[in-house]
Amino acid sequence: MATPTEKAVSKKTKPAPKAKAISDGTVLVIVESPTKAKTIRKFLPKNFIVEASVGHVRDLPQSAADIPKSIKNEEWTKIGVNVEQDFEPLYVVPKGKSKVIADLRAKLKQADSLYLATDEDREGESISWHLVELLKPKVPVKRMVFHEITKSAIEQALTETRDIDERLVRAQETRRILDRLVGYTVSPLIWKKIAFGLSAGRVQSSALRMVVDRERERIAFRRARYWDLVANVRKTSDKDESAFDAKLHTVGGRRIATSKDFDETTGKINDGKDVLLLGEPAAKKLLDSVRSGEWKVISIEERPNSSKPSPPFITSTLQQEGNRKLGLSSRETMRVAQQLYEEGLITYMRTDSPSLSSQAIAAARDAVKALYGEKYLPETPRTYTTKDKGAQEAHEAIRPAGSEFIHPDKTGLSGKVRDLYELIWMRTVACQMVDAQKKSVTAKIQSDDAVFHASGSTILFPGYLRAYVEGSDDPSAALADKETLLPVMREGDILKLLKAESVEHETQPPARFTEASIVRELEKKGIGRPSTYASIISTLIDRDYVRKNGNALTPTFTGIAVTQLMVKHFSQLVDAGFTSEMERSLDEIAEGKKEWLPYLRAFFLGKDGLKALTAANDKKIDAGESRTLDLPHLPGVDVKIGRYGAYVVQVGKSAGEEEIHASIPEDIAPADLTADKISEIIAISAQGPQAIGTDPKSGLKIYCLTGRFGPYVQLGEAATLPPEQAATTDKKKLKEFMKALPKPRRASVPKGVDPRAVTTEQALTWLSLPRELGLHPETKVPLLVNNGRFGPYVQMGTDYRSLKKEDDVYTVSFERALELISQPKQGRATSKILKEIGPHPEDGKPLQVLEGKFGPYVKYKTVSASIPKDQAPESVTIEQALELIAARKGQKKSRR
């Protein structure tokens with residue numbers, strides 16, 4: 001029995017009907033998104049109809065409900081891949097897509113040819129293949145590819161159409177099958193051995209291991225302390241009195257120990273390091289010596305150096321800089337980049353090739369010449385190539401689209417969309433500029449037998465730094481930061497000591513990954529591909545294996561448990577080398593160098609394949625052991641994973657003494673869970689609910705407790721189920737009974753407050769929320785203030801506004817809350833208010849002039865109307881605004 005892919009190949013090998021390069025008849029063009037359809041439509045002839053598939057049109061089933069009834073009882077359908085029939089995938093149409101497909105079929109009946117214009121990577125190729133499989137066109141079919149949505153690129157794509165690339169489709173299908181085999185085979189085992197609902201993934205598990213390994217490095221880290229001296233000196237000459245800092249480098253010819261000289265796991269100097277470790281007494285003694293000594297310049301060393309611009313963006317470097325400079329997550333960066341691409345402003349955003357076309361190089365050089373002048377332009381254009389043999393996602397770097405780069409100020413963009421476009425524009429322009437020329441100066445200064453170093457650097461010519469400084473938002477400001485000036489000195493000059501001090505230092509544990517650094521590491525190790533980096537990180541966060549604390553990615557206790565099981569029993573699946581090799585195999589399938597079916601058979605059905613390994617591990621793995629974390633820094637206690645998260649178990653110290661179980665607050669990172677914190681958590685749990693006071697109004701007792709989300713205060717005791725309800729074995733009914741129980745009022749203990757020292761007054765203050773301030777004068781709905789996940793807020797029904805920094809949630813007045821709730825609600829991308837026109841004469845709602853992405857417009861409630869281009873936004877009167885709004889309402893009605 002042939003797989004769907006094989007059937008498709010047989011179709012593709014037959015000569016397809018030939019379409020004219022640009023047909024005179026009706027041509028149906030299918031792309032993935034409505035935005036892309038809207039943009040491409042502008043560059044096509046009138047006889048071309050552009051429609052969107054709105055993403056994928058077929059996929060493997062996501063649940064049992066997706067499986068057709070005729071085959072639902074067959075065992076293989078649980079995975080969605082028929083392993084016994086040459087790994088035949090079961091494709092189904094996702095929910096909600098039937099109407100889209102029906103519309104495409106109707107349009108296809110009226111067409112004389114079909115052009116498939118999905119993205120040029122493997123995923124885009126796969127979507128085109130699925131469209132052909134579903135629509136079964138009887139007209140000529142052409143594959144149309146382009147890496148930017150501009151007039152010239154679309155016109156070129158129309159004349160250079162091709163057939164669907166079966167090798168790319170095969171590689172994408174193999175990747176999808178591999179992911180399904182790993183996820184649906186290993187995940188049920190993790191449910192049984194750790195907790196229901198957990199999962200493993202072919203790529204996500206390797207990425208999770210990287211985060212967990214870094215946390216274990218922090219656990220193993222041992223802190224070390226060391227001292228050094230810092231002096232502030234200046235020349236004694238009257239001509240130049242500029243002071244500068246110098247740092248101790250050697251004493252008696254031996255270099256002073258710094259953080260890089262210590263072993264992170266012992267806190268001691270690394271073997272073989274001949275350095276001098278200064279303690280506090282020695283540092284103080286040396287300080288007294290140099291304070292009374294002469295300070296003399298013993299050498300000056302000047303070195304010219306230069307730096308080259310970074311290559312233009314590829315997917316991974318764009319995600320890294322988007323995170324560092326703009327604070328965007330990988331997912332947000334790709335979402336904004338997708339929008340820029342579909343609007344025709346940048347080239348395709350999933351690529352691992354830094355090369356630029358001759359058209360792009362010419363555009364970048366033109367921009368350099370126009371903005372910075374000839375002296376910033378190198379004699380010959382710079383070219384960039386990738387060292388990665390597997391680079392396959394697209395053929396060019398991410399850059400502004402077209403033969404002339406639109407300056408960020410002329411795009412009409414705003415917010416993060418503009419910021420990301422500007423980042424891409426600057427990086428592309430900078431890559432075609434000359435090197436930055438610098439001069440570094442190192443002065444050695446001696447006092448007694450101590451030698452201090454002072455370093456300075458001067459930018460002789462900024463070159464590309466005028467346009468782009470990596471990791472900085474403002475190139476001009478960053479240039480000043482990159483300079484550290486030293487006064488002109490000569491060997492033998494005598495300096496005057498202004499100040500000297502001894503400074504204590506501590507070695508720091510290895511930094512946790514950020515989104516930027518883990519993308520860099522994934523790329524370095526060959527795990528995943530440009531199109532998958534964002535989804536890898538999002539999956540880890542969404543499944544609560546990793547949490548973001550600020551920018552840092554911290555593994556949860558559950559994430560450590562899953563990794564622990566995978567490392568012990570499925571070591572290959574979480575080995576970076578093995579995962580990288582799988583990516584190379586997929587690349588070879590895409591290139592036609594490797595056969596997909598033998599590869600899948602060996603991986604899953606081989607002697608040491610995944611199927612046999614999972615069956616063996618199912619019998620071998622002990623569930624109790626899998627739920628217990630290996631945390632050697634916490635002797636005497638067990639940290640386990642339960643239904644409601646991580647908890648600590650302390651075995652009774654004497655015979656007959658019961659075990660103590662206590663939930664670990666979710667805001668405690670594994671490496672930060674110390675013996676002292678464990679003792680605190682256990683002490684609170686051991687004493688049980690202890691009232692810290694009584695509410696004078698209700699007479700109810702107040703408790704301070706600890707739960708999975710940290711310490712909290714509670715008014716009164718939690719209700720319990722009646723015996724007859726508690727005895728039920730029906731889980732659904734038990735859940736309903738629990739949900740119906742009255743909940744006591746609770747409030748979180750603020751961070752930084754010791755739960756053992758909470759007073760009755762503090763608890764009553766926290767329990768006073770939510771506060772009802774009064775009824776809104778118009779809506780008669782209560783105004784409430786409360787603390788939420790994202791900070792304090794005011795609420796009126798389903799309408800919310802955040803309190804400002806100057807507002808105190810416990811004391812904010814009714815008038816202030818009314819003022820805040822009356823302000824326009826701000827979304828993620830807000831438009832700037834240019835003018836408050838006044839209230840609408842009918843209902844008093846505000847009429848405003850705002851600056852939007854596509855220019856100024858008038859806004860009234862949910863209706864927005866563009867202001868004519870020849871009219872100044874500030875000059876709009878209330879009468880004109882009402883006319884614009886009325887006309888806009890009329891357009892909406894006529895469309896309906």
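Contact here means heavy atoms within 4.5 Å, and the views below come from a predicted model.

**View 1. Helix H7 and the neighbours it packs against.** Helix H7 runs over residues 204–220, 17 residues in all. From first C-alpha to last it reaches 24 Å, close to the 24 Å expected at 1.5 Å a residue. Its buried residues are Gln204, Ser205, Ser206, Ala207, Leu208, Met210, Val211, Val212, Glu215, Arg218 and Ile219. What do the buried residues of H7 pack against? There are helices H14 (515–525), H15 (533–542), H16 (557–569) and H17 (576–590), plus strands S14 (546–549) and S15 (552–555).

**View 2. The largest nonpolar core, with 95 residues.** Phe87, Ile190, Ile194, Phe557, Met566 and Leu673 are the ones that touch the most other members. Helix H6 (residues 166–193) puts in the largest share of this core, ten residues. Apart from it sits another core, of 64 residues, including Leu158, Phe313, Met349 and Ile424.

**View 3. A closer look at Met566.** Leave out residues up to four places away in sequence, and Met566 touches Val186, Ile190, Ala200, Ser205, Ser571, Leu573 and Val574. Ser205 also turns up among the buried residues of H7.

**View 4. An open sheet of four strands.** The order is S23-S24-S25-S26, and the pairing is antiparallel. At the edges are S23 (771–775) and S26 (799–802), each pairing on one side only. From one strand to the next, the twist averages 25°.

**View 5. The S24 and S25 pair.** Strands S24 (residues 782–788) and S25 (residues 791–796) pair in the antiparallel sense over six bridges. Which residue in S25 is the bridge partner of Leu783? That would be Met796.

How values were computed. Residues numbered from 1 in each chain as written. Predicted model: local features only at pLDDT ≥ 70, side-chain atom pairs only at ≥ 80, totals over all residues. Heavy atoms only, no water. Helix = DSSP H or I, 4+ residues; strand = E, 2+ residues; numbered from the N terminus. Expected span 1.5 Å × (residues − 1). Buried < 20%, exposed > 50% of the residue type's maximum accessible area, 1.4 Å probe, protein only. Core = buried A, V, L, I, M, F, W, Y, C linked by side-chain atoms within 4.5 Å. Pairing = 2+ DSSP bridges. Axes fitted to C-alpha atoms, helices over the stretch in contact; angles between N-to-C directions.
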